[in-house]
Amino acid sequence: MKLILRRAKIVDPSWNKEKKRFDIEIKNGIIERIAENIDINGHQVLESDDLHVSIGFFDIGTIVGEPGLEHREDLESITRAACAGGYTGIAPFPNTNPVIQSKSEIKFIINNTAERVVDFYPIGAISKNAKGEDITEFIDMVQHGAVAFSDGIQTIANAGLMLRALQYTKASGGVIINHPDMVSISETGQVHEGEVSVSLGLEGLPEMAELLGLQRDITLSEYAEGVLCAYNISTKSAINILKKAPQVSATVGYLNLLYTDEDLEEFNVNLKVKPPLREEKDRRALVKALINDEIDAITSGHQPLEEELKKKSFAFADFGAIGIETAFPAILSELKDLLEIGKMIEKFAHGPRKILNLDIPEIKEGAVANLCMFDPGIDWTYDEVKSKSKNSPFLNRSFLGKVLGVINNKKFVPNE
Amino acid sequence: MAETKELSSKHILGIKNLKPEDLHLIFKTAKNFKEVINRPIKKVPSLRDVTIANLFFENSTRTRISFELAEKRLSADVVNFSAGSSSVKKGETLLDTVNNILSMKVDMVVMRHPAPGACAFLAQNIEANIINAGDGTHEHPTQALLDAYSMMEVIPQLKGKNVLICGDIKHSRVALSNIFCLTKLGANVKVCGPPTLIPKYISKLGVSVEYNMRKALEWADIANVLRIQLERQDIRYIPSLREYAQYYGIDKTLLNSLNKPVVIMHPGPINRGVEISSDVADSDQSIILQQVENGVAVRMAVLYLLAAKRK
């Protein structure tokens with residue numbers, strides 16, 4: 001592979017002061033040269049009017065479907081979808097069938113994804129079959145490649161289990177990832193509790209449930225001295241608690257940065273997600289928390305589901321939307337007045353890796369090329385879904401800002 | 001109020017999406033039909049050659065009969081489909097139903113379904129006009145229309161009048177549609193019931209809340225008493241019907257002890273002796289049977305106006 005990225009603006013903390021544009025020469029997966037006019041000389045060239053280059057993005061909590069739910073997504077299709085979204089790394093949640101809960105499932109993921117353009121860092125389940133009862137073999141899983149533990153889309157309801165999991169990671173290593181929720185308050189809820197839930201006659205998911213869940217998880221992590229990531233926070237009140245616990249990392253789902261519960265007035269099932277879309281005050285607080293670095297990463301919340309589970313009346317439809325292809329373009333399109341591009345990249349690429357304590361790729365001569373190329377000025381329409389599932393609120397929607405391709409593991413995958 | 005001759009919407013999915021002009025048009029049309037159904041020959045040819053499917057995915061007697069009667073009085077062709085709630089496990093059949101309706105070339109669909117949003121789902125997927133006959137805990141628009149119409153027969157100008165809705169507000173589509181309808185008409189609306197059966201944010205819809213039934217009735221000109229819906233509760237929100245009847249039930253002694261008359265309404269079916277005693281239900285203060293009669297006229301009006309919009 002020989003490639004030159006032409007006249008690129010490099011978006012990276014170490015380059016942010018640099019106003020100039022550079023050519024980047026990549027040979028055999030290594031950044032050979034970064035300079036102002038590199039001779040093309042038989043190289044493949046990627047150019048675009050406003051080419052930007054950053055390190056590849058990283059998603060925590062992607063739902064992949066394989067093993068067992070390949071009709072929704074498999075390792076092949078999620079790789080294509082992730083590339084299209086600008087990702088070169090994902091840490092998938094364990095909600096497959098069987099659940100990723102022992103070294104054999106961890107090895108299954110790692111062995112079947114080696115040398116792809118997207119790196120897979122599996123997250124093992126905290127409890128057997130993600131049922132929230134007995135703890136799994138953390139040490140063995142970490143030895144074989146697990147980087148974190150979570151029951152994924154299932155919140156840990158049992159405080160005792162959460163405590164033991166946090167304690168056990170002191171021996172195994174790995175981060176405990178949990179979406180904070182007080183399940184006994186919220187289990188019948190459909191949408192954020194408020195004026196919209198009342199007027200639609202739908203059971204509410206109270207803001208308070210997230211707050212109580214987060215207070216519990218933070219208290220437990222302090223007692224156990226374990227490493228906690230509060231996954232996909234959605235409320236202003238949760239952010240206020242997070243501020244007092246800087247040792248706890250946090251993520252936010254990109255849909256919560258773009259939509260509120262008022263967007264559900266027409267019963268749009270593809271916006272039925274968990275955590276639910278909240279109110280404008282929450283959305284604004286989430287954006288502000290990203291700017292202030294109180295939230296470390298943006299996730300795609302990618303959850304592929306077959307049509308039979310979504311094409312239903314709202315109350316009976318499943319929670320979840322695909323998002324890995326649209327997360328960055330949507331944020332780039334809609335939030336560029338509030339969030340600098342440099343900050344977006346930090347939250348899409350650096351933050352997630354920091355949460356999991358992974359090495360962060362660098363953009364410098366001699367470094368391995370792990371890159372995402374995009375152009376904030378390109379208009380395009382999301383009409384060719386790479387994911388196997390189509391449950392997206394953005395089908396046939398246009399974005400201003402397009403991912404042009406990714407480079408990783410000596411492979412260059414352009415976004416067609 | 002600006003007069004209008006056409007509804008603003010091709011469906012009746014809920015009162016929330018209707019304009020006050022729509023409501024007045026429906027009431028005016030219903031008045032004409034009420035006169036029609038009291039004639040010796042009750043049938044008019046307005047909906048000849050219009051096919052209406054009544055899809056009831058939840059048990060219903062009076063709403064289904066009321067719609068069917070309204071349709072037949074308008075000379076529509078009617079097909080009925082009923083399925084008990086138990087057979088609509090998680091609503092899988094709704095999408096297939098949609099496709100069947102499409103194939104049968106039905107013009108209008110009247111649907112009751114246990115899922116909030118089911119009628120909106122149907123409207124997004126088929127061409128026919130949809131009338132919501134109750135979708136879970138969301139809305140039951142024709143009930144609210146006939147309730148308001150019946151209230152206006154007793155108190156013609158609802159603006160500024162005090163209307164109380166009492167009972168299980170949390171699980172009631174009737175309450176929600178009534179709130180939207182009455183606030184659009186300018187009435188003051190209060191809800192009363194046990195705190196566990198009143199949604200926390202209900203006041204955002206412009207209503208006030210009272211937990212004491214006597215105080216609520218002292219305030220009210222009209223009380224719309226809802227059935228206590230134990231069938232829609234997976235969780236025990238109240239300790240017992242006995243306690244409910246004692247502290248929230250309306251009986252003659254309570255009504256007589258107020259220093260003014262209160263009009264009593266109930267959408268049915270009544271749990272006699274629970275939310276309302278027999279002597280109240282059958283008293284002169286009660287307009288429960290007028291509600292039933294007006295139901296046919298109001299539903300005729302809605303069907304007629306939607307059909308007119310097709311042309």
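Here is a walk through a predicted model, stop by stop, with what to select and what you will find there.

Before you click: local features need pLDDT of at least 70 and side-chain atom pairs count only at pLDDT 80 or more, while totals for chains, interfaces and linings use all residues. Residues are numbered from 1 along each chain as its sequence is written, chains are lettered from A and ligands numbered from 1 in the order in which they are written, and side-chain values use heavy atoms, with hydrogens and water left out.

**Stop 1: Thr299(A)**

Select Thr299(A), which sits in strand β16, residues 297–299 of chain A. Strands here are DSSP runs of E with at least two residues, helices are runs of H or I with at least four, and both are numbered from the N terminus. Thr299(A) is buried at a relative accessible area of 1%; buried means under 20%, exposed over 50%, and partly exposed in between, with a 1.4 Å probe and protein chains only. Now show Asn232(A): its side chain makes a polar contact with that of Thr299(A) at 2.9 Å. Such a contact is a pair of N or O atoms within 3.5 Å; within protein, one must be able to donate a hydrogen and the other to accept it, and residues adjacent in sequence count only if both atoms are side-chain atoms. Setting aside neighbours within four places in sequence, Thr299(A) also touches others, including Asp59(A), Ile60(A) and Tyr254(A), where contact means heavy atoms within 4.5 Å.

**Stop 2: the rings**

Over all chains, the structure holds 20 aromatic pairs. One of them is Phe57(A) with Tyr87(A), edge-to-face at 5.7 Å centre to centre and 85 degrees between the planes. Phe57(A) is in strand β6 (residues 57–62) and Tyr87(A) in strand β7 (residues 87–92), so the pair ties together parts of chain A that are 30 residues apart in sequence. Both residues are buried. For pairing, the ring centres of Phe, Tyr and Trp (its six-membered ring) lie within 6.5 Å; planes under 30 degrees apart are stacked, over 60 edge-to-face, the rest tilted.

Next, pick Lys272(A), whose charged end sits over the ring of Phe319(A), 4.8 Å from its centre. The cut-offs are NZ of Lys or CZ of Arg within 6 Å of the ring centre and within 35 degrees of the ring normal.

**Stop 3: Val406(A)**

Val406(A) is in strand β18, residues 398–408 of chain A, and is buried at 0% relative accessible area. Beyond four places in sequence, its contacts include Tyr87(A), from the previous stop, along with Cys83(A) and Leu371(A).

**Stop 4: Arg216(A)**

Move to helix α7 (residues 207–224 of chain A) and select Arg216(A). At 14% relative accessibility, Arg216(A) counts as buried. A polar atom of its side chain lies 2.7 Å from the backbone oxygen of Ile156(A), and the side chain makes a polar contact with that of Asp217(A) at 2.9 Å.

**Stop 5: chain B**

Colour chain B as domain 1 (15–139 + 292–308) and domain 2 (141–287); these bounds come from an automatic or database domain assignment. The domain centres, taken over C-alpha atoms, are 25 Å apart. The contact takes 29 residues from domain 1 of chain B and 24 residues from domain 2 of chain B.
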